[in-house]
Amino acid sequence: MADRYATFTHTAPGRFLTRRLGLPQPVPLRRWSPLRPALEGPVLLLTAGDIPLPGLHESLTRTGLPPHNGPLGSRRPAAVVLDATGVSTVAALTDVHATLHPVVRSIAPCGRVVVLGAPLSPADHHQAAAQQALEGFVRSLGKELGGGRTVQLVRTPSAPAAEATLRFLLSPKSAYVSGQVVEVGDLSEYGESAEYAESVESGGCAADSAYAGGAEHAVRAGEADATAPGAVLQLPHPARPLAGRTALVTGAAHGIGTAVAEVLARDGAHVVVLDVPSAEPDLCRVAERVGGTALPLDITADDAGERIAAALPGGLGVLVHNAGITRDRRLTNMAADRWSSVLDVNLTSVLRTTDFLLKSGTVRRGGRIVATASIAGLAGNAGQTNYAASKAGIVGFVRSLAPRALAEHGVTVNAVAPGFIESRMTAAVPMLIRQAGRRMNSLGQGGLPVDVAETTAWLATGAVNGQVIRVCGQSLLGA
Ligand SMILES: NC(=O)c1ccc[n+]([C@@H]2O[C@H](COP(=O)([O-])OP(=O)(O)OC[C@H]3O[C@@H](n4cnc5c(N)ncnc54)[C@H](O)[C@@H]3O)[C@@H](O)[C@H]2O)c1
């Protein structure tokens with residue numbers, strides 16, 4: 001649904017009026033496109049604290065954004081990376097101010113600030129205090145900058161471990177992600193490269209535009225997933241990091257799920273799109289568009305896991321739990337079926353199918369699971385006790401399962417938590433609440449399904465585990 005307020009603010013009278021009245025002035029966000037795939041302009045690398053992170057310059061160069069350490073003259077930085085991993089005392093925080101204060105005004109519109117922090121030390125409370133201080137700093141700066149600029153904190157044990165995350169955060173793909181704290185892990189002890197899950201030379205990830213009428217025949221016979229045993233390991237091409245992998249996206253006939261399918265296919269995955277049988281015509285159109293395969297199936301079916309596994313004899317590299325519903329009512333007016341249907345689709349089906357697909361080995365070693373939470377699950381929302389409970393449940397699921405899934409199956413488990421995203425779901429929201437949802441974030445606008453999709457695609461490749469990443473333009477809700 002069109003955001004008429006944002007359109008109005010982009011006109012000359014709209015700009016004048018909103019400035020005079022002190023109203024939000026959302027700028028058009030610079031998103032990824034094949035013609036403009038990267039931020040345009042230099043990346044400035046600054047250091048706070050005594051010990052810089054070894055190899056950071058090289059890691060940034062590998063992201064395709066070679067950094068500058070010195071003055072940029074009249075050029076405005078497209079991004080500033082502040083290495084604050086060496087900040088281990090409160091006194092050293094002075095450097096954070098001293099390095100960023102002179103440059104922050106010059107950052108280009110829709111630019112990026114990424115602060116790199118160190119993991120909090122359980123043995124040194126001075127280091128922990130100084131590093132935790134960065135979180136408050138980053139979240140505040142995100143609320144100050146405006147102009148489509150975003151600010152994040154990445155806590156990382158090493159430069160290589162942060163590469164995939166930096167590549168995402170320093171790109172137009174992260175346009176609607178701001179004010180986030182991302183904990184990056186080193187997955188190498190689980191047999192993963194620091195940056196990617198294993199990828200393989202694939203016998204064929206060519207598009208399969210045919211779709212099947214039933215779950216049993218959803219995938220080409222003999223199709224093998226990249227993570228299958230015996231696969232040949234090689235680092236994937238950064239532009240197609242999912243080449244050779246099979247990805248399943250639930251709830252893919254509409255909205256965010258469709259965008260996820262499109263982005264994963266763009267990144268090289270063979271995408272199997274799943275949705276309820278009644279959505280089959282739309283589902284088949286999506287499958288055709290992404291060169292994937294349709295799997296009409298109600299995810300709440302008791303045997304949904306078994307049917308997915310039967311349809312994917314070659315296994316799965318990426319599992320995206322996106323299907324979701326709302327049945328809003330205040331608790332006093334909420335019938336039991338409204339409660340249970342939301343819990344069934346949004347949470348129970350995620351737990352049941354994940355358990356089955358992990359235990360059966362359908363999700364291969366090196367696989368990635370991305371679930372869909374919501375900021376309603378973090379902040380709560382009147383009229384959504386059922387929905388918020390189901391989405392908070394997703395957060396608990398991710399935090400508990402992630403370390404065990406990695407240790408036992410070599411699989412990461414993360415979630416995206418969308419804020420206000422322009423979709424069928426939010427088009428149904430009453431007008432005033434819809435306007436409030438769009439404005440109450442640092443970017444002053446709603447996100448697009450592709451913003452959630454890009455974040456999902458990064459979690460499907462990056463060395464991140466147990467994280468819940470908000471895609472909400474730094475919403476004030478639950479912040
Ligand atoms: N749109 C937002 O602002 C927003 C915000 C936060 C979270 N989310 C979450 O993002 C996800 C996608 O939301 P959306 O806005 O694209 O909604 P949507 O209604 O456009 O799409 C949801 C899809 O899930 C499918 N689905 C529902 N029940 C299913 C079932 N039992 N089995 C299989 N498929 C089923 C639907 O048919 C639909 O295609 C949901 O989990 C939602 O809760 C959305």
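I'll start with helix H7, whose buried residues pack against strand E9 (246–250), strand E10 (270–275), helix H8 (280–289), strand E12 (316–321) and helix H15 (449–459). Packing here rests on contact, that is, heavy atoms within 4.5 Å. Buried stands for under 20% relative accessible area, exposed for over 50%, and partly exposed for what lies in between, with a 1.4 Å probe and protein chains only. Helices (H or I, at least four residues) and strands (E, at least two) are DSSP runs, numbered from the N terminus.

A word on where this comes from. The model is predicted, so local features need pLDDT of at least 70 and side-chain atom pairs count only at pLDDT 80 or more, while totals for chains, interfaces and linings use all residues. Residues are numbered from 1 along each chain as its sequence is written, and side-chain values use heavy atoms, with hydrogens and water left out.

Back to H7. The helix covers residues 255–266, which is 12 residues, and reaches 17 Å from its first C-alpha to its last. That is close to the 16 Å expected at 1.5 Å a residue, where the expected span is 1.5 Å times one less than the number of residues. How many of the 12 residues of H7 are buried? The number is 9, so the helix is mostly covered by the definition I gave. The buried ones are Ile 256, Gly 257, Thr 258, Ala 259, Val 260, Ala 261, Val 263, Leu 264 and Ala 265. Just after the helix, Gly 268 takes a positive phi of about 105°.

Next, the ligand. The shell around the ligand has 29 residues, and the closest are His 254, Asp 275, Asn 322, Tyr 387 and Ser 423. A residue belongs to such a shell if one of its heavy atoms lies within 4 Å of the molecule. Which elements each supply at least two residues of the shell? They are H7, E10, helix H12 (385–409) and helix H13 (424–427). H13 gives the largest share, 3 residues. By class, the shell has 14 nonpolar, 11 polar and 4 charged residues. In this scheme Ala, Val, Leu, Ile, Met, Phe, Trp, Tyr, Cys and Pro are nonpolar, Asp, Glu, Lys and Arg are charged, and the others, Gly among them, are polar.

A polar side-chain atom of Asp 275 lies 2.6 Å from a ligand oxygen atom. An N or O atom in the side chain of Asp 298 is 2.8 Å from a nitrogen atom of the ligand. The protein covers 93% of the 820 Å² of accessible area that the ligand has on its own. Accessible areas come from the Shrake-Rupley method with a 1.4 Å probe, and for residues only the protein chains shown count as cover.

Now some single residues. Asn 441 sits in the loop between helix H14 (431–439) and H15. Is Asn 441 buried or exposed? Asn 441 counts as buried because its relative accessible area is 8%. Its side chain makes a polar contact with the side chain of Tyr 176, at 3.4 Å. A polar contact is a pair of N or O atoms within 3.5 Å; within protein, one must be able to donate a hydrogen and the other to accept it, and residues adjacent in sequence count only if both atoms are side-chain atoms. The side chain of Asn 441 also reaches the backbone nitrogen of Gly 444 at 2.8 Å. Leaving aside neighbours within four places in sequence, the contacts of Asn 441 include Tyr 176 and Gln 474.

Gln 474 lies in the segment after strand E15 (468–471) and is buried, at 4%. Its phi is near 60°, positive in a residue other than glycine. Cys 110, in the loop between H4 and strand E4 (112–117), also has a positive phi near 60°. Most residues other than glycine have a negative phi.

Leu 100 is in helix H4 (residues 94–100) and counts as buried because its relative accessibility is 3%. Leu 100 and Val 80 are 20 residues apart in sequence and 8.6 Å apart in space, C-alpha to C-alpha.

Last, the whole protein. There are 15 helices and 15 strands, and of the 479 residues 56% count as buried.
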